[in-house]
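Please keep the sequence and the structure in view while reading.

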Amino acid sequence: MFWMFFVALAQVVGEGQQGWQPNPELVKKLSERRPDVIYDEAKVPTYTLPDPLVCLDGTKVMTPELWRSKRRPEILELFRTHMYGKAPIGKPGEMTFEVFDLDKNALNGKATRKQVRILFTGKPDGLSMDLLIYLPNDVKRPVPVFLLLNFFGNHAIHPDPAIRIKPVWFKGEKITPSEDSRGRDRSIPVERILARGYGIATAYYGDIAPDFPGTFQHGIFAAFDKLFGEKRPPDAWGAISAWAWGLSRVLDYFEVDKDIDAKWVVVLGHSRLGKTALWAGAQDERFAIVISNNSGCGGAALSRRRFGETVAIINSAFPHWFCENFKRYNDRENELPIDQHMLVALTAPRPVYIASADEDLWADPRGEFLAAKFADPVYKLLGKEGLPTQEMPALNQPVMGTIGYHIRSGGHGLTEYDWERYMDFADKHFRQNR
Ligand code: GTR
């Protein structure tokens, strides 16, 4: 028994040596700036990961059936209880959709644009989320779609003057964005996505819940938290859970839109919204493919490595992202009953892609790769290819099995390079299965 434990540990520690290496100058600079943060692989503590294929009661998961019936639900519940918190509602019975814009000749005739207001409580003056959709006109319906939440409002993702401007959150207040803020967010290459045969759908994350510690007084929390009574329980949903919940409501809409192939929806997200995409895909198996772009701590990166952003750092900077219980693990990552490879594994057997960036050491690229690697045994058990490499690839050398991974040049961001790889990945899986 003892030697087995030792082998597992040695395997994890040995990872630091292979494939991509961070620029030593950058490591030096960042370490000097934040001596309290680990940027040097040599300082990563030894750790043992929980085995995704061993149940809490010690049962070894040897069959896909046992994964499905016992271990998967158990892991999901652990993430709900200890990390992201429980969403109190599924699809609200009173929710309605209002298609308020339809233009079959958008973007010089290349696209059909739809805008849909999702009324969470069915009340026209209640909480709503605006969904912006572009579908390629030269592709047979129903169309596969990429879905992501955006940070600055729908009007910011494209200069198209027909995108409805809706108030956004700014420093704790709602403000109406100016006309000249249209198209300022360059992170969604709409025309390229359409040219490659995909639809693109996006909504503003602040429409679901604002992103500041006082969020629980607003948005979806104000609309539904009364179910909790006076005090929010320690496992009540945090903002990431709320945003993930919102993504599932978009899928509810897709299921009634005949132009969209609701069985082929790729959910993706960048950074905090990458954490959100992983959590949405883990819980809602209607998402066909899940993509995490630079999601880091609380997303794809293994918490136990403590490299870059840690549980304690994230919980103090963003106390509203996770449930209260997660704060118990500040500086005690080894006590977590889960780690992020298990979040990746919850997507299995569906394709999942994890992407890192060379200069984004705050998000721990190697920790993100390792989560993909240690999710792989679950994919193998379910008869899938999983991750086609055991070693971290070099820069700009994507690998694409059922699990995909790349680390690209540059810093934290969602770039055209990332998008092209995600569409390659979707092409591969849609060609195989659609
Ligand atoms: C950072 C945070 C990260 C990441 C990022 C983002 O400040 O520490 O976890 O989520 O924000 O969302 O841009």
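The text below treats the ligand site, then the sheet, and finally some details of the backbone.

The model is predicted: local features need pLDDT of at least 70, side-chain atom pairs count only at pLDDT 80 or more, and totals for chains, interfaces and linings use all residues. Residues are numbered from 1 along each chain as its sequence is written, and side-chain values use heavy atoms, with hydrogens and water left out.

**Ligand site**

Around the ligand stand Ser271, Arg272, Lys275, Glu309, Ile314, Phe318, Trp321, Trp362 and His412; a residue is counted here if one of its heavy atoms lies within 4 Å of the ligand. This shell comprises 4 nonpolar, 2 polar and 3 charged residues. In this scheme Ala, Val, Leu, Ile, Met, Phe, Trp, Tyr, Cys and Pro are nonpolar, Asp, Glu, Lys and Arg are charged, and the others, Gly among them, are polar.

| Residue (side chain) | Ligand atom | Distance |
|---|---|---|
| Ser271 | oxygen | 2.7 Å |
| Arg272 | oxygen | 2.5 Å |
| Lys275 | oxygen | 2.8 Å |

Taken alone, the ligand exposes 310 Å², of which the protein buries 79%; the areas come from the Shrake-Rupley method with a 1.4 Å probe.

**Sheet**

An open sheet of mixed pairing is formed by 10 strands, in the order β1-β2-β3-β7-β4-β8-β9-β10-β12-β11. Strands (E, at least two residues) and helices (H or I, at least four) are DSSP runs numbered from the N terminus, and two strands pair if DSSP finds at least two bridges between them. Because β1 (96-106) and β11 (399-400) each have a single partner strand, one side of each edge strand is left without a neighbour in the sheet. Strand β11 runs antiparallel to β12 (residues 403-408) and is joined to β12 by 2 bridges. Within this pairing, Val399 stands opposite Tyr405 in β12.

**Backbone details**

Two cis peptide bonds deserve mention. One leads from Arg141 to Pro142, with omega near -5°; Pro142 is placed in the loop between β3 (128-136) and β4 (143-150). Another leads from Ala348 to Pro349, with omega near 5°, and Pro349 belongs to the loop between α9 (340-345) and β10. Leu107, a residue other than glycine, has a positive phi near 50° and lies in the loop between β1 and β2 (111-119).

Key
A polar contact is a pair of N or O atoms within 3.5 Å; within protein, one must be able to donate a hydrogen and the other to accept it, and residues adjacent in sequence count only if both atoms are side-chain atoms.
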